[in-house]
Amino acid sequence: MISTDTPTSPIWRTLMLCLAVVLVVFHLGLIFSGLVPNLVSRPLHLALALPWIFLFVEGGLLKRASGAVLCVLGVAGCLWVAINQDMLSDQYGFLEGSFQYWLAAVLLIVVLEGARRAIGWPLPIVAALALAYGLFGQHIPGEFGHSGTPLASFLGTLTIAEGGIWGSLTGVSVNVVAIFVIFGAVLNAGEAGQGFMNLAAAAAGRLKGGAAKVSVLSSALFGSISGSASANVASTGAITLPAMTRLGYPKRLAGAVEAVASSGGQIMPPLMGAGAFVMVELTRVPYTQIMMAALLPAILYFFAVWIGINAYARHHDLKAVAKEDQPPVRQVLITSAFFMVPFAVLLYGMFGAKYTPQYAACLAILAGFLLLFFTAKGVASGKEILGRLESAFLNAARQVSVIASIIICASIIIGVLAITGLGVKITSLILSGSGGYLWPALLLTAIACLVLGMEVPTTAAYVICVSVAGPALIEQGLEPLQAHLFVFWFALISTITPPVCGAVFIAAGMIGENWLKVAFTAMALGIGLYVIPLAMIANPSVIALSEAPTFALLAAAKIGLGLALISFGVIGFTKPLQKVLAIGSGLLVVFLVGI
C-alpha cells in the first residue's frame, strides 16, 4: 500500500534523511574501500538515486503510485545486477533467458522515465530515439542504416555489461561527481554562501555598478561549487537581484547580470560542475591539467562581463552598494574562512599531497563538516547544527540523484552510438559538410551544441555533442582537450540564448521582467560566451597555462583587449560607426594573429 504521508510529514522526512545518509556514506566509503567491481558500485549508485527521483517528490496520488512501482522495480533490478555481477561478467553482454530480457526492459524504462521526471522530456526523447535506431536502424536505407545487432547482444550491452547504463560515464558519476556534489552541499549548508557574498561585497561593492559586480563575483564563487546555472541563479539571485533593484538598476539588466554570472559558474575552476569530471574520463587528461587549461578562459569570461557592466554604466546610473550595507572587514574575514578553509584543503590535497581529486575532496568534506558546528559568532547551537547536517545530507542526495539520472540516460545514447557506429557516420557527415575545413566544422558543432542544449543540461549536451563532433574536430587538427573545451563552452550558451534559456527564465521570473528583454541583455553582457571558445581555437596558448605560462598570459591579455573592444562596441557605444569600428577592431585583435 502506498503511504499517505506527504513528503513533509515526520515519518517521510525521517525516511528521506536515513536514505540520504546511506547515499552519502556509500559514495564516501567507495573512495576508501579499495576496488569495488563496476557492476556492483554503479547499479547501487542508481538504486540509491531512484527514491529521490520517484518517491521524494511533490505530486498527486497517481504520480506517487506510479513512482513507487517504478522505484521498486528499478531498485530490484539494480540489486539483481549487483548481486549477480560475477555471473553477468561471464556472459559478455549477451542476455540469457526471458527474465533477463524483462530485466533489461525494466532498467531502460526506469532510466528514461527517471530522467524525464528529473529534468523533463528532451533528453529522454533523444535517448528513446537512439534506442529505436539501435533496434530498427537496419531497415534504414543508405549509409545511415546499420547492419543490425542481435537483440540479446544489443540490450545486454546496454544493461548487464559496462557498455551502456553501467558505462564509464556512470563510473564518473559514482566515483567523482557525487563526491564533489556532496562537497558543495556541505559548504552550502554552513556559512560559506554568506562568505561568498561578503567577500564579493568587500571586493566590488564600493565600485560604480558595485551591486552588479558583487553579483558577478559571488555567482562565480558559488557557481564553482554548484555546477548548475539554475541553482546559482536561485541561490545568489535571491540576494543580489533585490539589491540591484533597490539601487534603481533596470530590471532587464539586473536579471541579465545574474543569469550571465550564474552561467559562468559552470566553467569556473576548481570544480566546474560535473562536466569537468566527465571530460577527464573522455579525454584521459588529468583533472588538474583540465582545471589549469580552463582557468584563463573562465577569468576572461568574467572580465568581459565586468567590462560590459562598465559599458552599461555609461547609460545608466549604476550605483555602488551603500556603505552601511557593506560588511565590516572582520565579518568578511570570519565568514570567508567557511569556504576558504575547505578550498585550501582541497587544493593542497590535489597539488601539495598529490592525492586524487576525489580523495582530496573527501578531506575537504571533512573540513567543511567540522565547520558546520560553528557560526560567525562562535559555536552553533545544537538545533542549528542538526538543521545544517540535515540540509547537507538532503541536498547532497537530491543533487547526486539528479546528476545520476542525467548521466545514466546520456549513457544510453553513448552506448547506442558505439554499438551501431552512428557516431562515426555523424562525424563523417560533419567532415563532408564542412568541406574538410576547420572553421566550418566548428560552426556546425556550435549550432549542434545550441540545439542539443535547449532544455538538455549542459553536461548531457556536452557528452552527446562531443561524442559525435569531437572526433571530427580532432581529425581537423585540434588537440583533444582543445576540442572538448570548445564543445563544453558552446554546450553552455543555451543557458542565456533564446528560444530556451533556463538561467534567463529563472532570473526574469524572480525579478518580474519580460524574459526576452532579459535574454537579449544577457547575450550582450555575456558576449564572451560566444567569442572565447573560438578564441581558444585561434589562440591555443591560452589553455596551455601549465605548460607555457608566459605565452598563455600573453594570449589571455590579447583576447582580453579584444573582448573589451567588442563589449564596448556592443553595449557602450550608441553610434553605428563607433559600434562597427569597436567590434571589428576587437575581432581583429582576437583572431588576426594567434598566439
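Q: Which residues touch the most other members in the largest nonpolar core?
A: Those are Tyr301, Leu346, Tyr462 and Val542, in a core of 154 residues. A nonpolar core here is a set of buried Ala, Val, Leu, Ile, Met, Phe, Trp, Tyr and Cys residues joined through side-chain atoms within 4.5 Å, where buried means under 20% relative accessible area, exposed over 50% and partly exposed in between, with a 1.4 Å probe and protein chains only. Apart from that core lies another of 45 residues, among them Leu50, Leu103, Ile165 and Cys409.

Q: What should I know about the model itself?
A: This is a predicted model, in which local features need pLDDT of at least 70 and side-chain atom pairs count only at pLDDT 80 or more, while totals for chains, interfaces and linings use all residues. Residues are numbered from 1 along each chain as its sequence is written, and side-chain values use heavy atoms, with hydrogens and water left out.

Q: OK, how many aromatic pairs are there?
A: The count is 17 aromatic pairs, taking rings of Phe, Tyr and Trp (its six-membered ring) with centres within 6.5 Å, and calling planes under 30 degrees apart stacked, over 60 edge-to-face and the rest tilted. In one of them, Trp52 and Phe56 have ring centres 4.8 Å apart and planes at 70°, so the pair is edge-to-face. Trp52 and Phe56 are both buried.

Q: And what about Phe183 and Phe343, how are their rings placed?
A: Their centres are 5.9 Å apart and their planes at 75°, so that pair is edge-to-face. Phe183 belongs to helix H8 (residues 168-189) and Phe343 to helix H15 (residues 329-352), so the pair ties together parts 160 residues apart in sequence; helices are DSSP runs (H or I, at least four residues), numbered from the N terminus. Phe183 is buried at 0% relative accessibility, and Phe343 is buried too, at 11%. One aromatic cluster is formed by Phe183, Phe196, Phe339 and Phe343.

Q: Changing topic, how many salt bridges does the structure hold?
A: There are 5, a salt bridge being a side-chain nitrogen of Lys or Arg within 4 Å of a carboxyl oxygen of Asp or Glu. One of them joins Arg13 and Glu390, whose closest N and O atoms are 2.7 Å apart. Arg13 lies in helix H1 (residues 10-32) and Glu390 in helix H17 (residues 382-420), so this pair ties together parts 377 residues apart in sequence.

Q: Are Arg388 and Glu191 buried or exposed?
A: Arg388 counts as buried at 10% relative accessibility, and Glu191 counts as buried at 17%. Their side chains meet in a salt bridge, at 3.2 Å from N to O.

Q: Where do Arg116 and Glu113 lie?
A: Both are in helix H5 (residues 97-119), 3 residues apart, about one turn of the helix, and their side chains meet in a salt bridge of 2.7 Å, N to O. Glu113, Arg116 and Arg117 are linked in a network of salt bridges. The charged end of Arg116 also sits over the ring of Trp121, 5.0 Å from its centre; this requires NZ of Lys or CZ of Arg within 6 Å of the ring centre and within 35 degrees of the ring normal.

Q: Last one: which residues of helix H22 are buried?
A: In H22 (residues 502-511) they are Ala503, Val504, Ala507, Ala508 and Ile511. Just after H22, Gly512 takes a positive phi of about 75°.

Methods
Helix = DSSP H or I, 4+ residues; strand = E, 2+ residues; numbered from the N terminus.
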